[in-house]
Amino acid sequence: MEAVAFWVLAVAAVGTGVAVFVVDSMARATFALLASFLCAGGELLLVGLRYLGVLVVLMMIMEMLVMAVFMVMYMMNPAGLMPMSMTHNRRGALAVAGGAFAALAAGILLVPWPERRGRPPRDPTVALGDAVMGSSMLVMMVIGVAILATMIATVVLATHRGRYDA
């Protein structure tokens, strides 16, 4: 059952990733990208990385919703729903994408992969946090709160009226 779910999510992630470049509006591309990231988060949950999976899902939902809100506020066309071309320099983009794909595929097939040494960690979340953050975890937590406070302050300062104005 897990294998079926894995392949369904993998195909859906690739399909919605392709849809980002096929649909004709920024809003649709945003939500296609969100669907692709949600499928990737589901893949992480399937392989037992619960923290990373939930983190990807929550981060991508918020990121894509913020992007959609900014599209509604600032785009010339209403809500980014007017048809438009999502590609520029199509030949160049296809050449770069094809070259990158060929190089990555060659790397997968030609690199001698190391054999696993030892056993998987008891808690992969703790091991990942240690590997990524090390001793900087407290600093990153403080920076996260500072960024949140900055976003709230920016929204408060950007409004023209006060709290009690009608």
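Reader: How much of residues 94-113 is helix, and how far apart are the end C-alpha atoms?
Author: The stretch 94-113 is 85% helix and 0% strand. Its end C-alpha atoms sit 29 Å apart. Helices here are DSSP runs of H or I with at least four residues, strands are runs of E with at least two, and both are numbered from the N terminus.

Reader: What kind of model is this?
Author: This is a predicted model, where local features need pLDDT of at least 70, side-chain atom pairs count only at pLDDT 80 or more, and totals for chains, interfaces and linings use all residues. Residues are numbered from 1 along each chain as its sequence is written, and side-chain values use heavy atoms, with hydrogens and water left out.

Reader: Which residues does UniProt list as "transmembrane region"?
Author: The unreviewed UniProt entry puts that feature at 6-23, 30-49, 55-74, 94-113 and 133-158. The positions follow the numbering used here, feature names are shortened, and annotations may be inferred rather than shown by experiment.

Reader: What about 30-49?
Author: That span is 85% helix and 0% strand. Its end C-alpha atoms lie 25 Å apart.

Reader: How many helices and strands does the chain have?
Author: There are 6 helices and 0 strands. Along the sequence the pattern reads α-α-α-α-α-α.

Reader: How much of the chain is buried?
Author: Of its 166 residues, 14% count as buried. Buried means under 20% relative accessible area, exposed means over 50%, and partly exposed is in between, with a 1.4 Å probe and protein chains only.

Reader: And the contacts?
Author: Take contacts between residues at least 6 apart in sequence: 64% of them join residues at least 24 apart. Contact means heavy atoms within 4.5 Å.

Reader: Why does Thr 30 count as buried?
Author: Thr 30 has 2% relative accessibility, so it counts as buried. Thr 30 is part of helix 2. Leaving out residues up to four places away in sequence, Thr 30 touches Met 64, Met 67, Ala 68 and Met 71.

Reader: Where is Ser 36?
Author: Also in helix 2: Ser 36 lies within that helix, residues 26-46. Ser 36 is buried because its relative accessibility is 13%. Beyond its neighbours within four places in sequence, Ser 36 contacts Ala 13, Thr 16 and Gly 17.

Reader: Is Val 54 buried, exposed or partly exposed, and why?
Author: Val 54 counts as partly exposed because its relative accessibility is 42%. Val 54 belongs to helix 3. Val 54 and Leu 44 are 10 residues apart along the chain, and their C-alpha atoms are separated by 8.4 Å.

Reader: New topic. How do you find empty space?
Author: Rolling a probe the size of a water molecule over the atoms shows where empty space is left. On a 1 Å grid over the protein atoms alone, a cavity is a set of points where a 1.4 Å probe fits but cannot get out. A pocket is an open set with protein on both sides within 12 Å along at least five of seven lines, and lining residues have an atom within 4 Å of a point. Grid points are joined across faces, edges and corners, and a volume is the space filled by probe spheres set on the points.

Reader: What is the volume of the largest pocket?
Author: About 440 Å³. Of its 15 lining residues, Tyr 51, Leu 55, Met 59, Met 133 and Met 140 are the closest to its centre. Helix 6 gives the largest share of the lining, 6 residues.

Reader: What classes of residue line the largest pocket?
Author: The lining has 12 nonpolar, 3 polar and no charged residues. Ala, Val, Leu, Ile, Met, Phe, Trp, Tyr, Cys and Pro count as nonpolar, Asp, Glu, Lys and Arg as charged, and the others, Gly among them, as polar.

Reader: Where does the second largest pocket lie?
Author: It lies between domain 1 (1-78) and domain 2 (123-166), because both give residues to its lining. Those bounds come from an automatic or database domain assignment. The second largest pocket has a volume of about 280 Å³. Its lining includes Val 66, Phe 70 and Met 151. Helix 3 supplies the largest share, 5 residues.

Reader: How many cavities of 30 Å³ or more are there?
Author: The structure holds 1. Its lining is Leu 49, Arg 50, Tyr 51, Leu 52, Pro 124, Thr 125 and Leu 128. Helix 3 (50-74) and helix 5 (124-133) each give two or more residues to that lining.
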